[in-house]
Amino acid sequence: MQRRGAGLGWPRRQQHQQQPPPPAVGSRAAAMVPPGLGGRPACALLLLCYLNFVPSWGRQTSLTTSVVPKAEQTYKDFIYFTVFEGSVRNVSAVSVEYLCSQPCVVNLEAVVSSEFRSSIPVYKKRWKNEKHLHTSRTQIVHVKFPSIMVYRDDYFIRHSISVSAVILRAWITHTYGSADLHVKWEADLLHAVARNYTLLKAVPPFERPFKEHQVCLEWNAGYLWTLQANRIPQCPLENDAVTLLEFPYASSGENTGIVKKLPRFRNRELEATRRQRLDYPVFTVSLWLYLLHYCKANLCGILYFVDSNEMYGTPSVFLTEEGHLHIQMHLIKGEDLAVKTKFTLPLKEWFRLDISFSGGQITVTTSTGRDLKSHHNQTISFREDFHYNDTAGYFILGGSRYVAGAEGFFGPVKYYRLRSLPPEQIFNPLLEEQLAEQITLYHERCAEVRDIVFGYASIVQLGDQRQEASPRSQNECVLEIGGRLFEKAVKRLSGVDGLQYVSSVVPLLMDSSCCGHHKASYYLAVFYETGLSVPRDRLQGMLYSLVGGQGSERLSSMNLGYKHYQGIDGYPLDWELSYAYYSNIATKTPLDQHTLQGDQAYVETIRLKDDEILKVQTKEDGDVFMWLKHEATRGNAAAQQRLAQMLFWGQQGVAKNPEAAIEWYAKGALETEDPALIYDYAIVLFKGQGVKKNRRLALELMKKAASKGLHQAVNGLGWYYHKFKKNYAKAAKYWLRAEEMGNPDASYNLGVLYLDGIFPGVPGRNQTLAGEYFHKAAQGGHIEGTLWCSLYYITGNLETFPRDPEKAVVWAKHVAEKNGYLGHVIRKGLNAYLEGSWHEALLYYVLAAETGIEVSQTNLAHICEERPDLARRYLGVNCVWRYYNLSVFQIDAPSFAYLKMGDLYYYGHQNQSQDLELSVQMYAQAALDGDSQGFFNLALLIEEGAIIPHHILDFLEIDPGLHASNISILRELYERCWSHSSEESLSPCSLAWLYLHLRLLWGAVLHSALVYFLGTFVLSVLIAWTVQCFQSVSASRSPPVTAQASADPPSSTASPAVTPATDASRQNQPSVANNPEPRG
């Protein structure tokens, strides 16, 4: 038996108290009678007997000790208990000893703490003591704990809990009325006059015994349970250290960045620790930075947390205009608190920034150099409690729609979720050290080049007599010179044999890149990555691609996004990083489309294999354009509309000419009643694109087009009342009507009303409905709606859009590939191909293909097939294999690309070995896309003895159970091939199907009963003929005739069978010669 607790002390006795004298006899006995009994010894005797021998009925008291109170003693309430077993059992016996100086209530409670919750009461008991005052009493209490705390898992106890602490506490409160037993336990504990507690030892789950249930299981349930009864589950191996970024990220300083969302821990102990620290953050962030400039705005994003309400959370780290760090935290009470560091961050130098939080203390350290020598260190302390929940939102590296990002490069980012570490204990090395060193060397060299260029430009400007009124800044001057260097290099590359001069223009492109003209950076990246007339160098290719992306070059950003999306060419697979690049260009695409300046063209899906589409490509002096112009002049509304679209967007090989397009829009709108032309002209009048704004005329035309039932015009009226009149009710009315007519613009506009919280009759914002309308608009091809959907998929903050980074990249990539600057490069490659300029066509299609657009990849592979000598001479990659292979990983890959890759896998190509399994997969994908050639090739493989795997048959929806034999599969494949064939006459599929059925028919005939009957008949005839021949031979062997007799005429009939046999053999010789043996 173990005694627990110190209590609050025993009743104090007076010092130097003498032993009481023995009881006196006679008159002195009255002196020992307790007060109130007077001089009645009999009453005293009865009282003493009652106190010592009469039990306390109705109470669980096992032992009572009598104390005769004395007038000179003072009593104090106390309570303590003794636990007979120190560990938790199903029923634990506890001895509670207490003393009450007044009527009291004794309380006993067992409280446990698990890995997810704390202070959970599992046992409560209380009783009154009103009579036995000033007396120490002992009561045995049997504390019963829940089965899930004391037994192992079994068939009935499925989820036992792991208990970290068990507290047994008891206290005494004085009673002042009859309702004291109904007082809440928490309030009762606050008024305790004596209290005590002890700790019980919790038993781990797998050291507990099994409970003996008084039931019997069925044999199958019992057997299943015994299979897993002794299986010890293992906690998932998980670490609190999270790598947010590995590969360098080029931040252009715009409103795009990397979005990272952290899940909850799978390990229950780690998750419990994380939840316990929601109001006491303990974590560390370590990131590498290479800053080019300080913030040009008030704040620029470095690393910050956005919660589920789209508000900044803890931590939020920004860069200021002066170069300081702005660190912001969200408090428990709902407010925000920010602090600014005393030191500034270094520029154009790699450094590591470490920020550790430990409750209200923040330590910020910057380290530079290979040895990470400390550069600055500052510790900041707060008294407020921070709110920190890293799973209720998402992190952003760089910019977002709320704030622009810092200009420069982000290196590896490490995040310790549950630890506050000093810099020397943080493991976050600069992984791509060679690439980081190349970035440093590039900017050091470019600083010298810019100084030389600006010095030369200043001298030229001073010597020029026609000085400008407002001299240009250094950046503008250097950028202009970089553009001229780039134009000179491109002019040399655009010649008939321009690819021969690539190595000579590389220095010009390098200087142009240093001057800030980052189209040159992209050219260099492609040259080095593909080995286009220069030795292939992936490190230099990565360098210039990152430099171009940091300079906001559209094609460079798309190249980076595509490489990280596919994880090729040494770039790690990272969908969040890919989204950061693609979303930057996707955001600019609608803005570029509304900008009439710049080298832009409409992105058209024109394949070099499609002769029909190539025939309609034209120019301003082409036959197609001249015919459209003739028809438009005659008043043909369709020709006017098509001609205006070609000129406005630069489609079908026509140069972009908005002014001429608007003339045709005006002519068609004013002379014809075509609603589409009227609407188009009204839009340009509203926006003033190439013409002076005329809102009154535009509104009249818009109403006229809407009255003719054009849903675009109905949507346009809603846009007018929203933008110019601020009449949201009327705007919503028109948009709802247009949305019912199937207009995607109207769906997007309705989503904007819900997002802004201004939809008529709907209070507040409704992001869920806004997301639904945006998704509907995106499905209709709306660019802005697609951008919102991609944002919802990358953040996962909307329940209707569960987080899916891959889908977010796909949607952003879809919009980015509509960018007009990419369309300009594709159009130049197409024009060069049509003109027969193979060098220029190869150059521009390589530039377009490396951005990841599928149509340029398949067209480049086609050019390499047409001119293999050109590809082998100037490209350092296997052109046909590389770009067909890249194209089949695209979502919208054409079927002929799958067929081509299937052939390459089947036959093998250069250094690529033969792979029959991958060949089958490629043919199956082509077949699934509805290409008859795919079915035909699969059938031919089966004819050659190949076996189609079951998962491929399932992929083609061919049930292996119904088609168990190869013949059955062949028949199904040939039938599908025939049904998908576009040829009306006999096709290879139909001929193959017919040939298969003829073979089956012939095989059936050979195995029929008729064949057996004919065979028996022929055999009988053969036997009869053999017998007859034998008899003839036997007759010829009769005794010989004399020579004289042989000369007589009648003797010629002596052997009639010999001569016919000989004649027959001679007659059969020509027939044998005319029927040679069949050849295999």
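This is a predicted model: local features need pLDDT of at least 70, side-chain atom pairs count only at pLDDT 80 or more; totals for chains, interfaces and linings use all residues.
Is K900 buried, partly exposed or exposed? K900 is partly exposed, because its relative accessible area is 25%.

## The whole chain

The chain has 1080 residues, and 47% of them count as buried. Its secondary structure comes to 38 helices and 22 strands. Take the contacts between residues at least 6 apart in sequence: 65% of them join residues at least 24 apart. The accessible surface is about 56,500 Å². Carbon and sulfur atoms account for 54% of that surface.

Helix α20 covers residues 728–740. It has 13 residues, so at 1.5 Å a residue it should span 18 Å. Its end C-alpha atoms are 18 Å apart, which agrees.

Which residues of α20 are buried? They are A731, A732, Y734, W735, A738 and E739. Seen down the helix axis, these buried residues fall within an arc of 165°, so they line one face of α20. An α-helix has 3.6 residues a turn, so residues three or four places apart point the same way.

The face of α20 turned away from the buried side carries K733 and E740, which are exposed. On the buried side, the cover includes α19 (711–723), α21 (744–756) and α22 (767–779). After the helix comes G742, with a positive phi near 95°.

How many of the 13 residues of α27 are buried? Eleven are, so the helix is largely enclosed by the rest of the structure. The buried residues run E854, V855, S856, Q857, T858, N859, L860, A861, H862, I863 and C864. Among the elements that cover them are α11 (554–566), α25 (820–835) and α26 (838–849). The cover also includes α28 (868–874), α29 (879–887) and α30 (895–907).

## Salt bridges

Side chains of opposite charge can pair when their charged atoms come close. In this model the count comes to 34 salt bridges. Three of them are set out here.

| Salt bridge | Closest N and O atoms |
|---|---|
| E604 with R827 | 2.7 Å |
| E700 with R696 | 3.1 Å |
| E865 with K900 | 2.6 Å |

Start with E865 and K900, whose closest N and O atoms are 2.6 Å apart. E865 lies in α27 and K900 in α30, so the pair ties together parts that are 35 residues apart in sequence. E865 is partly exposed, with a relative accessible area of 28%. K900 is partly exposed too, at 25%.

Salt bridges can also share partners. In one network, they join E271, R274, R275, D390 and R417.

Next come E604 and R827, which form a salt bridge at 2.7 Å. E604 sits in the loop between α12 (575–593) and α13 (611–615), while R827 belongs to helix α25, so the pair ties together parts that are 223 residues apart in sequence. Both E604 and R827 are buried.

E700 is partly exposed, with a relative accessible area of 46%. R696 is exposed, at 57%.

## At the surface

Which residues form a nonpolar patch on the surface? L1019, L1022, I1023, W1025 and V1027 do, with about 520 Å² of accessible area together. W1025 is placed in helix α36 (residues 1009–1036). Its relative accessibility is 53%, so W1025 counts as exposed, since the exposed class begins over 50%.

L573 is found in the loop between α11 and α12. It is exposed, with a relative accessible area of 54%. Leaving out residues up to four places away in sequence, L573 touches H564, Y565, Q566 and G567. Y562 is eleven residues from L573 along the chain, and their C-alpha atoms are separated by 9.8 Å.

How values were computed: Residues are numbered from 1 along each chain as its sequence is written. Side-chain values use heavy atoms; hydrogens and water are left out. Helices (H or I, at least four residues) and strands (E, at least two) are DSSP runs, numbered from the N terminus. The expected span of a helix is 1.5 Å times one less than its number of residues. Buried means under 20% relative accessible area, exposed over 50%, partly exposed in between (1.4 Å probe, protein chains only). The arc is that of the directions from the helix axis to the C-beta atoms. Contact means heavy atoms within 4.5 Å. Patches are made of residues with over 30% relative accessible area and no salt bridge: like charges are joined within 9 Å, nonpolar side chains (Val, Leu, Ile, Met, Phe, Trp, Tyr) within 5 Å. Accessible areas come from the Shrake-Rupley method with a 1.4 Å probe; for residues, only the protein chains shown count as cover. A salt bridge is a side-chain nitrogen of Lys or Arg within 4 Å of a carboxyl oxygen of Asp or Glu.
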